[in-house]
Amino acid sequence: MKKRALISLSLLSLAGCGQQILYKGLPEKEVNDMAAILLSNDIACTKVAGAENTWDLTVDKTQFSQGVQLLNEAGYPKDTFSSLGEAFKKSGLVSSPTEERIRFMHALSDELAETLTHIHGVVTARVHIVLPDNDPYTEKFTPSSASVFISYLPQINLEDCSREIRQLVTNGIEGLTYDKVNLSLFPASNPNDRLPFANAKKPMTKDIFGIKLNIASIAPFFTLLGVSFALGILSGGGLLFWLNRNRKQQPTEAKETKDNGEQQ
């Protein structure tokens with residue numbers, strides 16, 4: 001029973017080490033961004049293929065809470081929203097003029113946003129356009145308008161390109177004038193600037209019994225040490241049992257030899 005208890009304890013210790021799923025079922029690009037944030041903050045992680053073209057992100061169990069806090073501060077995982085294209089998905093043979101107009105505006109917005117992301121320094125871009133349904137037989141005319149949101153890298157001075165960005169959007173939408181384009185530029189925040197522990201780099205190694213070990217290897221090291229200690233106890237117990245058994249056999253053999261000599 002003692003041997004079984006020691007072996008069970010060792011197995012439980014081994015089971016306590018390893019990888020744990022941090023988030024699962026995410027797009028590959030988002031998982032890559034999250035992995036980059038974790039790795040830049042000395043948190044070892046692994047990207048694992050999931051179901052239906054999704055990916056899972058795993059970390060060492062000892063760094064699970066730190067990884068969750070770090071990604072939450074950085075705004076990950078991202079919230080998902082239903083787009084206009086999904087909300088007004090074509091479901092029949094004939095679409096109403098309103099549905100066709102909404103789909104057209106959504107496709108045009110996506111095309112412009114995708115073009116803006118190719119500008120150096122742009123992280124995210126969204127374009128919201130308004131194409132009024134003006135009556136050609138009336139004198140009242142409502143001009144088109146557009147609102148552009150851009151998140152950019154702080155080290156890139158995108159303000160110098162604001163005129164070109166407005167002109168690009170103006171030329172991409174029929175009936176839109178330059179003065180009806182509202183451009184909002186926001187520098188993308190670096191999560192390392194907002195996290196209390198990100199800038200204070202923790203040492204990658206730690207001295208244990210005179211041996212320099214990686215932080216992530218400390219728990220497996222103590223587990224291996226515990227297993228070795230348990231195996232040592234089992235081996236020592238077996239050796240003592242063997243020596244004790246031999247001691248009992250030696251007097252018996254000596255007595256039999258003496259009796260045989262007296263008989264002769």
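Strand 2 (residues 45–49) and strand 3 (residues 55–60) run antiparallel to one another and are joined by five bridges; two strands count as paired if DSSP finds at least two bridges between them. The model is a predicted one, in which local features need pLDDT of at least 70, side-chain atom pairs count only at pLDDT 80 or more, and totals for chains, interfaces and linings use all residues. Residues are numbered from 1 along each chain as its sequence is written, and side-chain values use heavy atoms, with hydrogens and water left out. Helices (H or I, at least four residues) and strands (E, at least two) are DSSP runs, numbered from the N terminus.

Back to the hairpin of strand 2 and strand 3. Here alanine 49 has tryptophan 55 of strand 3 as its bridge partner. Five residues sit between the two strands, and glutamate 52 takes a positive phi near 55° in this hairpin. Asparagine 53 belongs to the loop between strand 2 and strand 3, and it has a positive phi too, of about 60°, although it is not a glycine. With a relative accessible area of 76%, asparagine 53 is exposed; the word means over 50% relative accessible area, while buried means under 20% and partly exposed is in between (1.4 Å probe, protein chains only).

Aspartate 42 sits in the loop between helix 2 (28–40) and strand 2, and its phi is positive at about 65° although it is not a glycine. Aspartate 42 is partly exposed, at a relative accessible area of 29%.

Next come the helix pairs. Two packed helices are described by the angle between their axes and the distance between the axes. Axes are lines fitted to C-alpha atoms, for helices over the stretch in contact, and angles run from 0 to 180 degrees between N-to-C directions. Helix 2 packs against helix 3 (residues 64–73) at an angle of about 120°, and their axes are 10 Å apart. The two are therefore oblique to each other: angles under 35 degrees count as roughly parallel, over 145 as roughly antiparallel, 65 to 115 as roughly perpendicular and the rest as oblique. Helix 2 passes helix 3 in a right-handed crossing; a crossing is right-handed if the near helix is turned clockwise from the far one by less than a right angle, and left-handed if anticlockwise. On the helix 2 side, Met34, Ile37 and Leu38 make the contact, and on the helix 3 side Gly67, Leu70 and Leu71 do, where contact means heavy atoms within 4.5 Å. Sorted by type, the residues of this contact are five nonpolar, one polar and no charged. For this count Ala, Val, Leu, Ile, Met, Phe, Trp, Tyr, Cys and Pro are nonpolar, Asp, Glu, Lys and Arg are charged, and the others, Gly among them, are polar.

Helix 5 (residues 97–116) and helix 6 (residues 162–172) make up another pair, with axes that come within 11 Å and cross at roughly 150°. These two helices are therefore roughly antiparallel to each other, and their crossing is right-handed. Leu108, Leu112, Thr115 and Leu116 of helix 5 meet Ile165, Leu168, Val169 and Gly172 of helix 6. That contact divides into six nonpolar, two polar and no charged residues.

Strand 4 pairs with strand 5 (residues 145–152) in the antiparallel sense over eight bridges, and histidine 128 stands opposite serine 147 in strand 5.

Serine 151 is buried, with a relative accessible area of 14%. Leaving aside residues up to four places away in sequence, serine 151 touches Gly121, Val122, Val123, Thr124, Phe186 and Ala188.

As for the whole protein, there are eight helices and eight strands. Buried residues make up 27% of its 264 residues.
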